[in-house]
Amino acid sequence: MATLRVFPLACAVQNYAWGKLGQDSEVAKLLSSSDPMVQIEADKPYAELWMGTHPKGDAVILDNRIPQKTLGQWIADNPACLGSKVKEAFHGQLPFLFKVLSVKTALSIQAHPNKELAEKLHAQYPEHYPDANHKPEMAIALTPFEGLCGFRPVEEIVAFLQNVAEFRALIGSVAAEQLERSVGEDPRGVSAALRVCFTRMMKTEKKVFVDQLNMLVKRISREAAEGKDTSPSCGDLLLRLHSQYPGDIGCFAIYFLNLMKLQPGECMFLGANEPHAYLYGDCIECMACSDNTVRAGLTPKFIDVLTLCEMLNYTPAPSSSKLLAPTQSRMDPYVYLYDPPIPDFAVMKIELPASNKLYLISAIDSASILLVVQGTATGTSTAAVSEMALRRGSVLFISANESVSLHLSSGEGMLLFRACCLL
């Protein structure tokens with residue numbers, strides 16, 4: 001009998017309120033496609049599909065020889081499956097968490113701590129910061145996707161201070177003028193001035209920022225009704241966020257942070273301490289295996305303004321600098337690799353044309369998780385106990401140094417994403 005080292009997984013679904021409803025959600029579509037017995041509720045938000053070993057959403061192995069055993073338990077019993085380098089570097093733990101996200105309403109102004117801060121926050125406030133690991137992450141768009149990421153070039157922020165009177169009133173003339181004077185000067189001076197401006201905004205007394213926000217919303221609504229161009233105030237986005245989170249300080253963050261508009265296949269990388277928010281769309285997400293998030297707006301969850309303002313990277317940069325372009329494999333023209341500047345994870349996009357009826361998923365020296373986004377195939381492997389029927393939404397765990405043969409059975413080709421750790 002074959003050794004069980006390649007097997008399908010049932011993965012955890014998180015029904016957060018900001019998720020898309022019913023079949024509008026890519027998460028729900030993947031679930032119902034992979035298991036037709038799954039009943040998708042039309043009014044229920046399907047926000048995240050977790051593929052990994054995090055305690056809040058440990059995947060379950062779909063093999064009747066190991067009933068209800070989780071992937072985390074199996075890896076603990078079989079650490080060699082990780083690959084020798086990964087096993088040693090990450091102490092026998094799967095270092096990444098793989099996800100699909102379906103975002104309907106904005107997903108919090110937030111940042112993720114580095115390892116040092118994560119350990120400190122977890123020790124002090126374990127109920128809010130559930131583990132001691134850092135959480136760099138990247139998002140690969142499955143549909144047109146919107147988000148905020150990193151501080152805008154300082155010239156853009158200054159333009160908003162000059163065009164949006166309510167924003168300037170919130171920051172205050174002294175801080176605003178300091179940022180205006182910093183343009184073109186030493187980067188450290190720019191970052192210091194930016195820190196002062198952002199911190200002043202986030203720590204403003206609630207009544208003050210609510211009054212300014214209400215005035216801004218009223219003005220933009222009037223201008224829009226009169227047919228005026230509201231783009232100098234990011235009018236459309238401001239009104240949308242205010243409709244989702246009325247009276248929330250996070251609405252003003254759009255004047256500080258880059259607006260990212262990704263097309264399918266485009267990717268943004270979010271390093272430690274990088275301010276960001278997801279606004280709308282569906283994406284593949286991969287991150288270090290952690291659930292640590294410091295939030296300060298556009299969320300009903302725990303808010304920690306002081307920690308966020310202290311931890312952020314205040315280096316302004318254009319939105320293009322936040323993109324992570326994939327590189328085509330020299331060995332396999334169907335593979336594009338998204339390889340971020342951290343060791344914990346990488347993601348391969350595998351796009352197979354309909355004309356390709358047989359394909360080998362190559363062995364690598366890392367455990368990996370494979371998600372089928374499009375197409376159908378039969379998977380075979382010497383490390384699997386039987387043939388595996390793969391369709392949209394199927395998820396496979398592949399141990400290090402194991403390969404899987406795909407016999408494609410649909411006329412549409414296949415689209416797959418494979419998370420791994422390339423040390």
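How many bridges join strand β17 to strand β24? Seven bridges do, linking residues 346–352 of β17 to residues 414–420 of β24. The two strands run antiparallel. The model is predicted. This briefing covers two sheets and one annotated span.

**The eight-strand sheet**
- Eight strands form an open sheet, and the pairing is antiparallel.
- The strand order is β6-β1-β22-β19-β24-β17-β16-β15.
- The edges are β6 (60–61) and β15 (327–328). Each has a single partner strand, so one side of each is left without a neighbour in the sheet.

**The four-strand sheet**
- Another open sheet has four strands, in the order β18-β23-β20-β21. Its pairing is antiparallel.
- Here β18 (358–361) and β21 (388–390) stand at the edges. Each pairs with a single strand, so one side of each has no neighbour in the sheet.
- Neighbouring strands of this sheet are turned by 25° against each other on average, direction ignored.
- Three bridges join β20 (residues 377–380) to β21, and these strands run antiparallel.
- The bridge partner of Ala 377 is Leu 390 in β21.

**The annotated span**
- An unreviewed UniProt entry annotates residues 337–378 as "domain: Phosphomannose isomerase type I C-terminal".
- This span is 52% strand and 0% helix.
- The end C-alpha atoms of residues 337–378 lie 24 Å apart.

**How strands pair**
- Strands of a sheet pair through backbone hydrogen bonds, and the pairing is either parallel or antiparallel.

Definitions and conventions:
Residues are numbered from 1 along each chain as its sequence is written. This is a predicted model: local features need pLDDT of at least 70, side-chain atom pairs count only at pLDDT 80 or more; totals for chains, interfaces and linings use all residues. Side-chain values use heavy atoms; hydrogens and water are left out. UniProt positions are given in the numbering used here, feature names are shortened, and annotations may be inferred rather than shown by experiment. Two strands pair if DSSP finds at least two bridges between them. Axes are lines fitted to C-alpha atoms, for helices over the stretch in contact, and angles run from 0 to 180 degrees between N-to-C directions.
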